[in-house]
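This briefing is for a reader who is new to the structure. Please look at the sequence and the model before reading the points below.

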Amino acid sequence: MKIAVIGTGYVGLVTGTCLAETGNKVICVDIDAAKVKKMQDGQVPIYEPGLDVLFHRNIAQGRLTFTTDLAHGIQDAQIIFMALPTPPGGDGAADLSYILGAAKDISKLVTEYKVIVNKSTVPVGTADKVRAVFEANTSIEIDVVSNPEFLREGVAVEDFMKPDRVVIGTRSERAQKLMAELYGPYVRQGNPILFMDERSSELTKYAANSFLATKITFMNEIANLCEIVDADVDAVRKGIGSDARIGKRFLFPGIGYGGSCFPKDVQALAKSADEHQYDFQILKAVMEVNEKQKTVLVDKLLKYYKGDLKGKHFALWGLAFKPETDDIREAPALYIIDELLKHGATVAAFDPEGMENVRRLLGDKISFVADQYEALQNADALLIATEWSVFRNPDFEKMEENLGNKVIFDGRNLYDLEKMIDLGYYYNSIGRKLID
């Protein structure tokens, strides 16, 4: 099948590459000429485990190509995916200008039937707006389909190639047949392709992300309560996670959620509810709690240092919002850094993949070091903001050589409490009994 993917951001590039892997001929279109040139030269513009192997294989075999020419890109495509940004506007609502702008450009170029797929995360009613753009600009028959992505950064290739489910919103039998044919190879093990109307499909993505964000936030509230009542959040987590109705995933407490999806999707769903005169109270509480949770380590530091962080120097392990990605969007580490700098502290940071992105954002406001142990030199304490595997089993002897004060504030609960006692650390984590 011939496919066009408009936009080569995280979702677009993973989508295009993985669709090519099952034998489709995919052409990815982007307006960024420099980025397209790099991809044509074999450079993967994002860090995502496993993507580079598929990327290079499908380029070499001629199934994956890149262009800045929209007309050329869509000319022979049977299905056109729009994987474009939908950033929050000033009022929190999703900005659809990229989606609608691309729809207008495409509508003026189509000469035969196409399936237009919204792959971006969009509010309810977007398919109707895209359809209206086509109706205003062409008499060519098209179908607009909603096909939200459920990719987790760090395991996106696996998620696409072996999805839990594929959600497709369309009332067109013709479009449904094409989409079923396209996704058939990915669900051979029996996972479902769920067909529904476009509006239900659009809401499904927002509902899924908002529910998971709520689950994380609830657990963070439980962790904060555990510290007050001297309970152990790990025990509580295991106790409730063993209930099949609740499940074990997304129950790990920490310093809040970040990334490109949860923050903007929760905000957009709450805003969409407001536009329909519905007060979605639980989502507003989720956003409020998460905002506070991002800087809970700074609150702990202020308590430990009796309100004075001026002149203190901290090592920070982790900058990306989660491990196995270089994505720093809404990363709790950025909020922690901002608060530390406001209080007159200095920071030396290390992250396996995210440092260059933060360097472009912050410049020389903090120090960036070559490895995790160098960050510890002359530090008053270590702060852990991202649960990279490399941080889980560090060389504690080497840590002790570099970290003058054996003080750790762990936002991801990486270490065993008893072990930290034996090693002589003051170890302050999330929702677990403090070690003095």
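Predicted model: local features only at pLDDT ≥ 70, side-chain atom pairs only at ≥ 80, totals over all residues.

Residues are numbered from 1 along each chain as its sequence is written, and side-chain values use heavy atoms, with hydrogens and water left out.

**Whole chain**

- The chain contains 17 helices and 14 strands, taken as DSSP runs (H or I, at least four residues, for helices; E, at least two, for strands) and numbered from the N terminus.
- Its radius of gyration, over C-alpha atoms, is 24 Å, close to the 22 Å from the globule rule (2.2 Å times the number of residues to the power 0.38) for 436 residues, so the chain is as compact as a globular protein of that length.
- A box of roughly 70 × 50 × 40 Å along the principal axes holds the C-alpha atoms.

**Burial**

- Of the 436 residues, 53% are buried, meaning under 20% relative accessible area with a 1.4 Å probe, protein chains only.

**Strand β12 and its neighbours**

- In strand β12 (residues 381-384), A381 and L383 on one side and L382 and I384 on the other are all buried, which leaves both faces covered.
- Strand β9 (residues 313-317) pairs with β12 in the parallel sense over four bridges, where pairing requires at least two DSSP bridges between two strands.
- Within this pair, A315 has L382 as its bridge partner.
- Strand β13 (residues 407-410) runs parallel to β12 and is joined to it by three bridges, with F409 opposite L383.

Key
Buried < 20%, exposed > 50% of the residue type's maximum accessible area, 1.4 Å probe, protein only.
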